[in-house]
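Student: Before we look at particular places, could you show me the model and then take me through the terms used to describe it, setting each value against its cut-off?

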Amino acid sequence: MKKHNIIAMALTSLMALPVIAQDSTPAVGDILQGINMFTPEEGDPAYKVKANEKYGTQWGVDMAYGLWNTEKVSDVKRHNNLALLHAQLNQRLIEDKANGGTWLRVEFSGSWGLDRESAQSDTFFTEAYATASGLHADAMGPHEGIFPEVALMQYFAGKRACLIAGMVNLTNYFDAVSIANDSFSSFTNDGFVNSTILPLVDSNIGGILQVELNRNNYMMVAVSRTGCDSGYNPFNSDYCDGYAVVGEYGHIFADGAATLRINPFYTSTDVDMDDGTGERRQNAGLVASIEYTPCDPLTIYSRAGFAAKQYLSNSAEFSAGANIKLFPSREDDFLGISYGVFKGQTPCDGERAEHNREQVLEVMYSFQVNDYFKVVPHFQYIANPAYSTSSENILWGVQAVFSF
């Protein structure tokens, strides 16, 4: 799961630093620290170590109340009154100041319907809304409470490399566009939170190798099983019947104000057919994203990708968006606007969908009340949702988010 402090912390901290200052040069390991850790331990002269972090304990919690409604869909719940929780912990097990040490990573996500009219423990109302319009898709699965990640993290090579292994959540590391990677603080449509093409699974056994090449470049590669749904036992071979390989090359440029990510992937999955037989299906593709902060009030991003096959995910996607600070006196408030086009998959039965393009527009505003509390209203317009269900959907909602 994502939080504002995953890879976005590293990149935004680099953007915020005055590049003309001598002490603003990123230290060795800053990129990997920004991806994996919950606080900017290095590279930010203004950061002060908290007492609990001296003992190697880092944690973050997002709690939210969400009210969501849809205006167009008649066969799903129109109203959803939800409580949401997302928590992460990094606990240092072995200290090694030279190399970064050994850490335990634990993540918990949950969502609960607060009344009988609200979705309780299913996937909310995502399927009827559209294939690319799940709410909180980065944090919420088909269970009220799940552990998407429990893994060991070992730094080495003077903090320039890291190995993460166990039950991993790939969304914490890959395709982490800073303004479109946290559904508690920015866009909630899952077509914007992460690529709809990349196989970024959670709750599956796997490993990630990260290497910081230099102050401007890094690489990652992950191998993970894919067949275990969120919340199920990843050691149960009845569910784990496939694997995915995901890579990322990241390049930071424009004095830290811009980041380019390139993500190749390959999947191999066993699919049960209607006649009782099985079929091995492979897929491969490429996703690329870029984000840029030309000035403090504006950050823009764009993401595009394609897949060789259509039966395991969308076959093509393009999205672009921006965060805009409208009022100089409200430094932490911003308006978010994003638009995406998604080319649909071919159903397993071979029938053609009524439409093969889905379009999504989302507008949101983050109003920061204080250091711990924000109010975030959202609006979504979806054309050709799920490619055939109806001509359009309209969603609106508001979240009250408490973070600490």
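Tutor: Let us start with aromatic pairs: rings of Phe, Tyr and Trp (its six-membered ring) pair if their centres lie within 6.5 Å, and planes under 30 degrees apart count as stacked, over 60 as edge-to-face and the rest as tilted. Ring pairs of this kind link W59, Y372, F402 and F404 into a cluster. Please keep in mind that this is a predicted model, in which local features need pLDDT of at least 70 and side-chain atom pairs count only at pLDDT 80 or more, while totals for chains, interfaces and linings use all residues. Residues are numbered from 1 along each chain as its sequence is written, and side-chain values use heavy atoms, with hydrogens and water left out.

Student: How many aromatic pairs does a search of the whole structure find, and why is the pair of F187 and F192 called edge-to-face?

Tutor: The search finds 6 aromatic pairs. The ring centres of F187 and F192 are 5.8 Å apart and their planes stand at 65°, so the pair is edge-to-face. A pair of aromatic rings is described by both the distance of the centres and the angle of the planes.

Student: Are F187 and F192 buried or exposed?

Tutor: Both F187 and F192 are buried, where buried means under 20% relative accessible area, exposed over 50%, and partly exposed in between (1.4 Å probe, protein chains only). Of the 404 residues of the protein chain, 52% count as buried.

Student: What makes W59, M63, L89, Y372, F402 and F404 a patch?

Tutor: Patches are made of residues with over 30% relative accessible area and no salt bridge, with like charges joined within 9 Å and nonpolar side chains (Val, Leu, Ile, Met, Phe, Trp, Tyr) within 5 Å. The six names you list form a nonpolar patch on the surface, with about 560 Å² of accessible area together, such areas coming from the Shrake-Rupley method with a 1.4 Å probe and, for residues, only the protein chains shown counting as cover. Y372, for instance, has 47% relative accessibility and therefore counts as partly exposed; Y372 lies in the loop between β14 (357-368) and β15 (373-383).

Student: What are the helices and strands behind such labels, and how many does the protein chain have?

Tutor: Helices (H or I, at least four residues) and strands (E, at least two) are DSSP runs, numbered from the N terminus. The protein chain has 4 helices and 16 strands.

Student: Why is the pair of R261 and E248 called a salt bridge?

Tutor: A salt bridge is a side-chain nitrogen of Lys or Arg within 4 Å of a carboxyl oxygen of Asp or Glu, and for R261 and E248 the closest N and O atoms are 3.9 Å apart. R261 lies in strand β9 (residues 258-272) and E248 in strand β8 (residues 242-253), so the pair ties together parts that are 13 residues apart in sequence. R261 counts as buried at 0% relative accessibility, and E248 likewise counts as buried at 2%.

Student: How far apart are the closest N and O atoms of D333 and R330?

Tutor: They are 2.7 Å apart, and D333 forms a salt bridge with R330. D333 is buried, with a relative accessible area of 3%, whereas R330, at 29%, counts as partly exposed. Elsewhere, salt bridges that share partners join E248, R261 and E291 into one network. By this rule the count comes to 8 salt bridges.

Student: How many disulfides does the structure hold?

Tutor: It holds 0 disulfides, a disulfide being a pair of cysteine sulfur atoms within 2.5 Å.

Student: Which residues is T226 in contact with, leaving aside its neighbours within four places in sequence?

Tutor: Contact means heavy atoms within 4.5 Å, and with those neighbours left aside T226 is in contact with V201, N204, G242, Y243, A244 and T269. T226 is found in the loop between β7 (217-225) and β8 and, at 19% relative accessibility, counts as buried.
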